[in-house]
Amino acid sequence: MTMLSRVRLICLAAAVGLSAAPLPYFSSPALALSDIRDITPSEPDTSPATSDDTVEPIDPPVVEDTIPVIPDPDPLIRDDEAEAADDLAAEPPAEVFYDLEKAPEPVRRMRRLIMEAALTGDIARLKPLLNPGPEQTQLSALNPDQDILQTLKSMSGDADGLEVLAIMLDILSTGYVVQDKGTPDEAYVWPYFAGKAIGLLTPAEKVELLRIVTAGDVAEMQEYGNYNFFRLGITPDGRWKFFTVGD
């Protein structure tokens, strides 16, 4: 074999060996398009958190009322108002009369004389009716050293005593009650509120009361439980017994 043939044979063998040898490993197999990760920026998630770390709102604790409830009325405390209510329940109110014919004639006569004198506007017309002397009419501000007529004027809001005359007319226009019946102190008394607890007055009776006094006066009376304005009393034999203010 010639030298040229040997060279050709060697080149041919080399070419065959190179074609048969395996290719070197350069990378992993290629990925499909569906397996490629989307790197597009996403919008921020504004939906409510649903993870286990979400803080649930806690309702405020229920605080039970620990203040003890006292029964009404309190069996341990008995105030003046409760005592007054018991007294009202135990003692029935005095009977109220509007019919003057049920009063003795001397009582009716004295009432009429007082009203006639008051209507004149001259307080001096009352002086004979006040029965000056040992059994003169009892007045709230009676001063033994003072003329009874002057004492009566001092009970008025004006110097002439006109307010007192108006008060007499007002109270003698209401119903009346009989107090201390059957005793030496028996008297026919106007207005009837003097013998009836303020707390027992009906709405209609309260209207009658407000014709004599103001709403402020009524509130004060309700606080104390008694009528405490002017009252006028006449004995069964027709003597003007008292004209006083207070309870």
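Let's start with a pair of helices: the axes of H3 and H5 come within 9 Å and cross at roughly 140°. An axis here is a line fitted to C-alpha atoms, for helices over the stretch in contact, and angles run from 0 to 180 degrees between N-to-C directions. H3 and H5 are therefore oblique to each other; angles under 35 degrees count as roughly parallel, over 145 as roughly antiparallel, 65 to 115 as roughly perpendicular, and the rest as oblique. H3 passes H5 in a left-handed crossing, a crossing being left-handed if the near helix is turned anticlockwise from the far one by less than a right angle, and right-handed if clockwise.

Who makes that contact? On the H3 side we have Ile114, Met115, Ala118 and Leu119, and on the H5 side Leu165, Met168 and Leu169. Contact means heavy atoms within 4.5 Å. By class, this contact of H3 with H5 has 7 nonpolar, no polar and no charged residues. For the classes, Ala, Val, Leu, Ile, Met, Phe, Trp, Tyr, Cys and Pro count as nonpolar, Asp, Glu, Lys and Arg as charged, and the others, Gly among them, as polar.

A quick word on what you are looking at. This is a predicted model, where local features need pLDDT of at least 70 and side-chain atom pairs count only at pLDDT 80 or more, while totals for chains, interfaces and linings use all residues. Residues are numbered from 1 along each chain as its sequence is written, and side-chain values use heavy atoms, with hydrogens and water left out.

Now the overall plan. The protein chain has 7 helices and 5 strands; these are DSSP runs, helices being H or I with at least four residues and strands E with at least two, numbered from the N terminus. From the N terminus on, the order is α-α-α-β-α-α-β-β-α-α-β-β. Of the 247 residues, 28% count as buried, where buried means under 20% relative accessible area, exposed over 50%, and partly exposed in between, with a 1.4 Å probe and protein chains only. Among contacts with a separation of 6 or more, 52% come from residues 24 or more positions apart.

On to the sheet. What is the order of its strands? The 5 strands form an open sheet in the order E1-E5-E4-E3-E2, with mixed pairing. The edge strands are E1 (138–139) and E2 (177–179), each pairing on one side only; two strands pair if DSSP finds at least two bridges between them.

Let's follow E3, residues 187–190, which pairs with E2 in the antiparallel sense over 3 bridges. Valine 178 has tyrosine 188 as its bridge partner, and glutamine 179 has alanine 187. Moving to the other neighbor, 3 bridges join E3 to E4, and these two run antiparallel. There, tryptophan 190 is partnered with leucine 232.

In a regular strand the side chains alternate between the two faces of the sheet. In E3 both faces are covered: Ala187 and Val189 on one side, and Tyr188 and Trp190 on the other, are all buried.

What lies across the sheet? Helix H3 (residues 105–119) lies across E3, E4 (230–234) and E5 (240–245), running at about 135° to E4. Back to H5, residues 162–171: its buried residues are Val164, Leu165, Ile167, Met168, Leu169 and Ile171. The cover over them includes H3, H4 (148–154), E3, E4 and E5.

Two single residues are worth a stop. Proline 106 sits in helix H3 and is partly exposed, with a relative accessible area of 30%. Leaving out residues up to four places away in sequence, proline 106 touches Pro236, Asp237 and Gly238. Its C-alpha atom is 8.9 Å from that of isoleucine 234, 128 residues apart along the chain.

Buried or exposed: which is threonine 244? At 14% relative accessibility, threonine 244 counts as buried.

Lys206, Leu209 and Leu210 in H6 meet Ala215, Val218, Met221 and Gln222 in H7. These residues divide into 5 nonpolar, 1 polar and 1 charged.
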